[in-house]
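Reader: I've never read a protein model before. Could you walk me through one, feature by feature?

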Amino acid sequence: MSETLFSKIIKREIPADIVYEDDLSLAFKDINPQAPVHLLIIPKKAIATINDLEEGDRELVGHLFLVASKLAREMGFDDDGYRVVMNCNEQAGQTVFHIHLHLLAGKPLGWPPYTDRAKQA
Ligand code: AMP
């Protein structure tokens, strides 16, 4: 798999506003935030898309959600609410091919979360 932007953030080759790190994962602020809080939670293991997950990644994916829950609690928006989402491939708008959870909070979030790009075209 070719190296992505996020691998470079893990290796500190490019800067990011990192808010959390442990052995398995890293969380940093999204460079183009879509809500007052917009964090990306990524595994240190490079996995391109949800389609590339293997049985052995079961705990790792669970871990990403536990990090989301921990950050929500520590940052104080757990009770108000938040959204966790992972995009997969082109039609979902995935642009960085290293899986990442978006953690969005800090305002009422609309649903459904998408704009219909097909209709806009
Ligand atoms: P996705 O579209 O689901 O693949 O999400 C990729 C996200 O990465 C987008 O929300 C981008 O704003 C974000 N992003 C791209 N480059 C950077 C960067 N250097 N630092 C932080 N976030 C980034």
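Predicted model: local features only at pLDDT ≥ 70, side-chain atom pairs only at ≥ 80, totals over all residues.

Reader: How do I get from a percentage to "partly exposed"?

Author: Under 20% counts as buried, over 50% as exposed, and partly exposed is in between. You'll find Arg12 in the loop between H1 and strand S1 (18–21).

Reader: What is the phi of Arg12 like, positive or negative?

Author: Here's the general idea: most residues other than glycine have a negative phi. Arg12 is not a glycine, yet its phi is positive, about 65°. Asn89 is another residue other than glycine with a positive value, its phi being near 70°.

Reader: Where is the place of Asn89?

Author: In the loop between strand S4 (82–85) and S5. Asn89 is partly exposed, with a relative accessible area of 31%.

Reader: And peptide bonds, what should I look for there?

Author: In general, most peptide bonds are trans. In this model a cis peptide bond joins Trp111 and Pro112, with omega at about 5°. Pro112 sits in the loop between strand S5 (101–105) and helix H3 (117–120).

Reader: You keep naming helices and strands. How many of each does the protein have?

Author: Three helices and five strands. Walk along the sequence and you get the pattern α-β-β-β-α-β-β-α.

Reader: Now for overall size. What does the radius of gyration tell me here?

Author: You set it against what a compact globule would have. For 121 residues that would be near 14 Å, and the protein has 15 Å, which agrees. Along its principal axes, the C-alpha trace spans about 40 × 35 × 30 Å.

Reader: How much of the protein counts as buried?

Author: Of the 121 residues, 36% do. As for the surface, the accessible area of the protein comes to about 7700 Å², and 52% of that belongs to carbon and sulfur atoms.

Reader: How many aromatic pairs does the structure hold?

Author: Two. One is Phe6 with Phe28: their ring centres are 5.3 Å apart and their planes are at 75°, so this pair is edge-to-face. The pair links distant parts of the chain, as Phe6 is in helix H1 (residues 5–10) and Phe28 is in strand S2 (residues 25–29), 22 residues apart. Then there's Phe77 with Tyr82, with ring centres 5.6 Å apart and planes at 70°, so that pair is edge-to-face too.

Reader: Why does 75° make the pair of Phe6 and Phe28 edge-to-face?

Author: A pair of aromatic rings is described by the distance of the centres and the angle of the planes. Planes over 60 degrees apart count as edge-to-face, and the planes of Phe6 and Phe28 are at 75°.

Reader: Let's follow His38, then. Where is it found?

Author: His38 is in strand S3 (residues 37–43), and it counts as buried at 7% relative accessibility. Its contacts beyond four places in sequence include Phe28, Asn32, His102 and Leu104.

Reader: How far apart are His38 and Ala105?

Author: Compare sequence with space. The two are 67 residues apart along the chain, but their C-alpha atoms are separated by 6.7 Å. Now try Gly81 and Glu59: they are 22 residues apart along the chain, and their C-alpha atoms are separated by 24 Å.

Reader: What share of the contacts joins residues at least 24 apart?

Author: It's 54%, among contacts between residues at least 6 apart in sequence.

Definitions and conventions:
Residues numbered from 1 in each chain as written. Heavy atoms only, no water. Helix = DSSP H or I, 4+ residues; strand = E, 2+ residues; numbered from the N terminus. Rg over C-alpha atoms; globule rule 2.2 N^0.38 Å. Buried < 20%, exposed > 50% of the residue type's maximum accessible area, 1.4 Å probe, protein only. Contact = heavy atoms within 4.5 Å. Areas by Shrake-Rupley, 256 points an atom, 1.4 Å probe, with all protein chains shown as cover. Phe/Tyr/Trp six-rings, centres within 6.5 Å; stacked < 30°, edge-to-face > 60°.
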